[in-house]
Amino acid sequence: MPKNSKVTQREHSSEHVTESVADLLAHEEPVDYKRSVLNVTGEAWDKQKDVEEDLDSEKRPAWNSKLQYILAQIGYSVGLGNVWRFPYLCQKNGGGAYLVPYLVLLIIIGLPLFFLELAVGQRIRRGSIGVWNYICPRLGGIGYASCLVCFFVGLYYNVIIGWSIFYFFKSFQYPLPWSECPIIKNGTMAGVEAECEKSSATTYFWYREALEISNSISESGGLNWKMTLCLLMAWSVVGLAVIKGIQSSGKVMYFSSLFPYVVLLCFLVRGLLLRGAIDGILHMFTPKLDKMLDPQVWREAATQVFFALGLGFGGVIAFSSYNKQDNNCHFDATLVSFINFFTSVLATLVVFAVLGFKANIMNEKCVVENTEKILGYLNTHVLSHDLIPPHVNFSHLTAKDYSEMYQVIMTVKEDHFKELGLDPCLLEDELNKSVQGTGLAFIAFTEAMTHFPASPFWSVMFFLMLINLGLGSMIGTMAGITTPIIDTFKVRKEVFTVVCCIVAFLIGLIFVQHSGNYFVTMFDDYSATLPLTVVVILENIAVAWIYGTKKFMQELTEMLGFRPYIFYFYAWKYISPLCMAVLMTASIIQLGVNPPSYSAWIREEAAEKFLYYPAWAMAILICLIILATLPLPVVFILRQFHLVSDGSNALSVTYKKGRMMKDISNLEDNDETRFILSKVPSETPSPMPTHRSYLGPGNASPMEMSSAPNGRYGSGYHLASTPESEL
């Protein structure tokens, strides 16, 4: 991205080029970026040779089509969080009332920052490391921090894909293996597994058969070989999708991005036909307006917006860096942001339709169990038959009849009612049971599907959808790692991708221990939230306050062909940084007020229990946060005190085909003459000086600018090619 106004000068082969840089600034002409290649050899220009060289130099891959790119961005931003995190937050924070703060924050935070990342990636055509090195070298640690966070997230995110693969293969049998509790035989005696009887068949299968989970994070228990194989398969699929670059992964996106919508629509139609589905949807859209005044609701909505769009990970920048310079990234940002929102709403409709059906099933089960208790009390004369309303028919007892009978018994037997152990069996109570994350997908949904006709088919479709959602996000996450590293260090894509996947798989073995689920929870809660918030705040500051919002808006105007709305100017300059600072402060306060804890499954009790992390786990947790943010101060210090090369004042001159382009970074408009010796901004340079010397970056003595007989500059220039080489 040029750091100042575009300045070029047409060279005439018969004239000596002796103008100073300041003189060149007075003659503006559009820059041909593709042909802006430094020529210091003095060779005559050959058109055919130039075309061949241009083709060789333009080696950066590009999307095969705009549709492929849009699907890739949608596949990256629409992930597992849309299916299980958003519905849970909607249920927890006021139903339909939660949609209001979410939509407001999507517009004032999500859309501007998403547009910003798309724009800088497309303009500079580099990964996150190259982009932020180029915009503000002292904040170049942003790119490295993004890569580390992507790596941490990829480690555990692929484990979730592995879980989905395990359930996918287990779905090819009837009845589904989690539909009934296992029968334990002890000699001639047979009985239901106690842990399963205390919980449920789907809960037992998840914790005991799939995870083989231990009672706490301190009990490793060794590797779960089934999940180890599934994790290996997940990394193999991701590696194969990424290794060929966007030409390969882009084609994968046609399926991985569109298939989940097919499944969601099928589930929605099937769900609406289920008994009780309308109860669930009405429960979702019944707004609890008092929740909108709760600051916690706004904080959670902002966090969900932040992660839903994948801000700060580098994947958005990586994907957009393969676009053409004139691509309308504003349209892309708006389209992807609102598709993401509508996908979350669609997934929530599906989830609540299924949960409404499940709630009715569980409520009927509750009514049957408690009716049997009442019949027992009637037969033993603990309760009198006079307490039963005359219209109640025990052979066809409805939930309404049971509720009426329950109220009568509770009123008459007020003093001894608790001893009876009767439950109210209210549908609202079942609907209010908050299920989030893995519990929603692998417990609540699987239990509901056991009651579906042709349940294996729906189970296969559901877990194939989860695999595709996870795969789309993982491809973007891996792009956030591979693209900046390959752009910066020029390593071979194939070799680096294979090495990265192998290392990630080996480290990821901690997630497939018997205690692995607890490490997934730790990484999910703490490895990304705070570091990514810091990263996005610094991204915003680097563009809006250091590079300059006016300059950025001007370059967007040149790139897009129209001026973006003034709303973005104020959003980037004031609104987004302020909102993100409030979000970061709230996250730190919450971390301090609520000590880190996790939900452990206690086998003997067959129930979840919240435990605090032990000291060694707290040390790992703190190290994750520090390690993810460490590149930010390290790079700043190294470049602030000139311990490594700082390209903040790099003057790069490119020259070919009679065109010259200057690039002066970190200068305000009309301040370019600071680079000219013995000049002040008010002086007017001589039109054709015979000699002019200037100070280049990192040079103790002036570099002489001399004319050559053929009109080309001599080799006395300080050369700079790519943004990374300047640093």
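**Close-up views of a predicted model**

Figure 1. Beyond its neighbours within four places in sequence, S128 makes contact with G143, S146, C147, G314, I317, G480 and P484. S128 belongs to helix α6, which covers residues 128-135. With a relative accessibility of 1%, S128 counts as buried. The loop between α5 (96-124) and α6 holds R125. R125 has a positive phi of about 60 degrees, although R125 is not a glycine. This residue is likewise assigned to the buried class, its relative accessible area being 16%, because buried means under 20% relative accessible area.

**Figure 2. The annotated binding site.** An unreviewed UniProt entry carries the annotation "binding site" for G75, V78, N82, N340, L469 and S473. These positions span 399 residues in sequence, yet no two of their C-alpha atoms are more than 12.7 Å apart, so they gather at one spot. Two of the annotated residues, G75 and N340, are shown in the two views that follow.

**Figure 3. G75 and its contacts.** G75 is part of helix α3, formed by residues 66-77. What does G75 touch, leaving aside its neighbours within four places in sequence? Its contacts are S257, L469, G472 and S473. G75 counts as buried, at 6% relative accessibility.

**Figure 4. N340 and its contacts.** N340 lies in helix α15, which comprises residues 329-379. Its relative accessible area is 2%, and N340 is buried. When neighbours within four places in sequence are set aside, N340 is in contact with S77, V78, N82, Y102, A308 and L309. A polar atom of the N340 side chain lies 3.1 Å from the backbone oxygen of S77.

**Figure 5. The stacked pair F166 and F205.** A search of the whole structure finds 52 aromatic pairs. In one of them, the ring centres of F166 and F205 are 6.3 Å apart and the ring planes stand at 25 degrees, so the pair is stacked. The pair links distant parts of the chain, 39 residues apart: F166 is in helix α7 (residues 141-170) and F205 in helix α9 (residues 201-210). F166 is buried, with a relative accessible area of 6%. F205 also counts as buried, at 6% relative accessibility.

**Figure 6. The stacked pair F442 and F463.** The centres of the F442 and F463 rings lie 5.9 Å apart with their planes at 20 degrees, so this pair is stacked. F442 is located in helix α19 (residues 437-449) and F463 in helix α20 (residues 455-489), so the pair ties together parts that are 21 residues apart in sequence. Both F442 and F463 are buried.

**Figure 7. Charged ends placed over aromatic rings.** In a second example, the charged end of K573 sits over the ring of W545, and the distance to the ring centre is 4.2 Å.

**Figure 8. Backbone features in two loops.** The peptide bond from Y174 to P175 is cis, with omega near -5 degrees. P175 is placed in the loop between α7 and β1 (183-186). In another loop, between α26 (631-640) and β5 (651-656), lies H642. For H642, a residue other than glycine, phi takes a positive value near 55 degrees. Is H642 buried or exposed? H642 is exposed, with a relative accessible area of 59%.

**Figure 9. The whole protein, for orientation.** The secondary structure comprises 26 helices and eight strands. Of the 727 residues in the protein, 56% are buried. Among contacts between residues at least 6 apart in sequence, 78% join residues at least 24 apart. The protein exposes about 31,600 Å², of which carbon and sulfur atoms supply 63%.

Methods
Residues are numbered from 1 along each chain as its sequence is written. This is a predicted model: local features need pLDDT of at least 70, side-chain atom pairs count only at pLDDT 80 or more; totals for chains, interfaces and linings use all residues. Side-chain values use heavy atoms; hydrogens and water are left out. UniProt positions are given in the numbering used here, feature names are shortened, and annotations may be inferred rather than shown by experiment. Helices (H or I, at least four residues) and strands (E, at least two) are DSSP runs, numbered from the N terminus. Buried means under 20% relative accessible area, exposed over 50%, partly exposed in between (1.4 Å probe, protein chains only). Contact means heavy atoms within 4.5 Å. A polar contact is a pair of N or O atoms within 3.5 Å; within protein, one must be able to donate a hydrogen and the other to accept it, and residues adjacent in sequence count only if both atoms are side-chain atoms. Accessible areas come from the Shrake-Rupley method with a 1.4 Å probe; for residues, only the protein chains shown count as cover. Rings of Phe, Tyr and Trp (its six-membered ring) pair if their centres lie within 6.5 Å; planes under 30 degrees apart count as stacked, over 60 as edge-to-face and the rest as tilted. A charge sits over a ring if NZ of Lys or CZ of Arg is within 6 Å of the ring centre and within 35 degrees of the ring normal.
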